[in-house]
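Morning, everyone. Please look at the sequence and the model on the screen while I talk.

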Amino acid sequence: MKQYLKLDPWNIIEEGFDPHNQEISESVFSIGNGYMGQRANFEEDYSGSTLQGSYMAGVYYPDKTRVGWWKNGYPEYFAKVLNCTNWIGIHVNIAGHPLDLALCTVKDFVRVLNMKEGTLSRSFIAELPDGKEVKVEAIRFISVSHREIGAIRYALTPLNFSGQISFTPYLDGDIKNKDSNYDEKFWMEVSKEAGPDDAVLTIKTKKLDFHVTSVMSYTISKNGQPLTVTPESVQQEKYVAHHLQLDVQEQEQVVLYKYVANVTSRDHGLGQLITTARAILQEAMQIGFEGLLQEQISSWDSKWRESDIVIEGDIAAQQAIRFNIYQLNQTYNGEDDRLNIGPKGFTGEKYGGSTYWDTEAYCLPFYLSTSDASIARNLLVYRYKHLEKAKENAKKLGFSKGALYPMVTMNGEECHNEWEITFEEIHRNGAIAYAIYNYVNYTGDTAYLGQYGLEVLTEISRFWEERVNYVPTKDKYMMLGVTGPNEYENNVNNNWYTNSMATWTMEYTLEVLDNLQHNEPLIYKELIDKLRLKEEETSKWKDIIAKMYYPFDEELNVFLQQDGFLDKDLTPVSELDPSNLPLNQKWSWDRILRSSYIKQADVLQGIFTLRDRFDLDTVKRNFDFYEPLTVHESSLSPCVHSILACELGYKEKAYEMYMRTSRLDLDNYNNDTEDGCHTTSMAGTWMSVVHGFGGLRIKDGSVYLSPFNPGHWKSFSFKVMFRASRLKVTVSEHDVTVSNETDSPVQVNVHGTEYMVGGLSTIQVSMTQ
């Protein structure tokens, strides 16, 4: 765990430059707007260790899977989020010496991610090898209100000399991915142009024909006065630039404003890319840097008004939750139902930047509660549009019917290159089905079921029907050869979570069918005909529901993660020598698979998801058994433990797990932040506050709250959108205040008592009530 960032409620601050932390900081200080994103690479040259990353949403590459063997059904490619044109670059030369923080002495270095305003700034003094010193102050942002625009203000002041300096703002498409096979580059040049007013570069992918056009322009000033400098145009392979040379006096500040428009063929016709990008850029330059900045501040203010969480009395906890919310808001905005949320968002390449089950299991609740319902709906529509591909995936694995949604995807096809994930981690189907229930239950949008939801539920139920194995001697259905959420167990029989989600899906599908038949008979008939759903199928589902086998130990009175789990050595994690942790970096895979140690919540994940099915004693027994065996080496694990610990009244454990999930990247708990932030688990962090400490549940069209103060905070507050209302919930040591910020009344249950909170009104309830 590395703690080098200062504590601050609204900012992430790095003071002093340590090259060993550079790639971690590049992840943490990333910026984005849902359409594009940028790691916190330096504008000027940097020859030290770095992972350059500029990403355009939805642009990817199907890189050939590299394995030494092949199995039927194995994915043909691994989809990679592509490192796109480096648009931030500015070569800086000081009297013949390139400015490179790896080659000079760096003083007074400060880097700040202003989460309130959505900007990244940096300042430092650099002493070059010849003793010359310059001060640099840079600020950049990716515009929320102009989604295809990035803007940079780069100010340089010579401190102890007068002389010649040069700026060379550029666009560089000659880039590669760190995770490419054999260092292959994925981009080809289409066209380039560097004229007196702007520079244009268009590149396209070698496969799938994604085109990205970037147009760059600039203005320059000295001591606040505009300068006219005749640029030297530079054109190289996949590279365009403007070289600007000027004389400066000691203590004179020179400011370069760089504006870039990045557009893709996903949104614009090929013949219109350059024209469109130039028009977008021209509009941005007319607004100017300060005007764009004020728009940025206003846009982020709106986001924070809807989604902020305030924690009083614990600055580390406050900074952490805002960092998590910030990253979620800059990763996905819900405007495009072709897009989804990758585990690293716009902060790195790992996991291919593809869609995982994380979206449905962790991210959906955040967007349900902090945005218009259409945002969350688009996450479900994304999966509906991939239903035919999911059916193809099932057929590839030998199934005659049903749909198996991919574990990892960009376009609906499975593209994960580990067999135990690709073939066995089929529990992802359950998360997608549950997301439909979660959305409808939260929003009341039952029309979604007839439009899209039932089709998905039916095909998933059909998959489960064929995937189970009936054992006549036991008169039970079983699920053989699976991997549950705990990926430190592969190829097991009867994973409790997977079996539970399979039957829950079939139960919910039958419930939806019944409701549609009674309430929407015409839609019901239309769907039955379209799906060719037969009574023998639904009868089979009912039989599976009645006879599903769930591993259980009578003596311990707990659900077993899978058959044979108790055959393992059950030494708790607390008795391991700390030098063994993290296991995934210290132990062989063979040793991990033979151990009882749990990468992430598995049985507890199921209890959390299907919480209404279990009494509190059942939750306690299972939590007390499994939590000591869990190493939390998945970012998705601590939040579930925190939420259940809140309900059980385990104050210290709830707080410990909250801090671990919330500061996972800020403090680099798992020693892997340099690969990118754990964006999807950040939604779990939000859940740990709202569903854990806030005790939020939605039942029968009402809001239920069971707030829990961990004792480390004076108070905390959060906001949730619920249908037509926005509620602000404030929890102190002694009472709970619920304020309705809209004019739409809403029914709220606080600690078991019903209240009607009128429009623009407030109720206060004692915590001891």
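Helices (H or I, at least four residues) and strands (E, at least two) are DSSP runs, numbered from the N terminus. Residues are numbered from 1 along each chain as its sequence is written. This is a predicted model, so local features need pLDDT of at least 70 and side-chain atom pairs count only at pLDDT 80 or more, while totals for chains, interfaces and linings use all residues; side-chain values use heavy atoms, with hydrogens and water left out.

Let's begin with one threonine. Where is T347 found? T347 sits in the loop between α3 (315-331) and α4 (358-370). Is T347 buried or exposed? Buried means under 20% relative accessible area, exposed means over 50%, and partly exposed is in between (1.4 Å probe, protein chains only). T347 has 1% relative accessibility, so it counts as buried.

What does its side chain reach? Here I need polar contacts. A polar contact is a pair of N or O atoms within 3.5 Å; within protein, one must be able to donate a hydrogen and the other to accept it, and residues adjacent in sequence count only if both atoms are side-chain atoms. A polar atom of the T347 side chain lies 2.6 Å from the backbone oxygen of K344. The backbone nitrogen of C677 is 2.7 Å from a polar atom of that side chain. Now plain contacts, meaning heavy atoms within 4.5 Å. Leave aside the neighbours within four places in sequence, and T347 touches S27, S30, R39, Y55, Q327, D675, G676, C677 and T679.

T446 lies in the loop between α8 (428-443) and α9 (447-467). T446 has 52% relative accessibility, so it counts as exposed.

On to strands. Two strands pair if DSSP finds at least two bridges between them.

Next, look at β21, residues 254-264. How many of its residues are buried? Eleven of its eleven. In a regular strand the side chains alternate between the two faces of the sheet. For β21, both faces are covered. V254, L256, K258, V260, N262 and T264 are buried on one side, and V255, Y257, Y259, A261 and V263 are buried on the other.

What pairs with β21? Strand β13 (residues 149-158) does, antiparallel, over eight bridges. There, A151 stands opposite Y259. Strand β17 (residues 211-222) is also antiparallel to β21, joined by eleven bridges. Y218 has K258 as its bridge partner in β21.

Last topic: empty space. Rolling a probe the size of a water molecule over the atoms shows where empty space is left. On a 1 Å grid over the protein atoms alone, a cavity is a set of points where a 1.4 Å probe fits but cannot get out; a pocket is an open set with protein on both sides within 12 Å along at least five of seven lines; lining residues have an atom within 4 Å of a point. Grid points are joined across faces, edges and corners, and a volume is the space filled by probe spheres set on the points.

The largest pocket has a volume of about 910 Å³. It is lined by 38 residues, and K350, Y351, E418, E487 and K599 are the closest to its centre. The second largest pocket has a volume of about 730 Å³. Of its 33 lining residues, Y434, Y437, N438, N441 and T609 lie nearest the centre. Helix α8 gives the largest share of that lining, seven residues.

Finally, cavities. The whole structure has six cavities of 30 Å³ or more. The largest cavity has a volume of about 50 Å³. Its lining is E43, R111, L120, S121, R122, A138, I139 and R140. At least two lining residues each come from β11 (119-127) and β12 (133-142).
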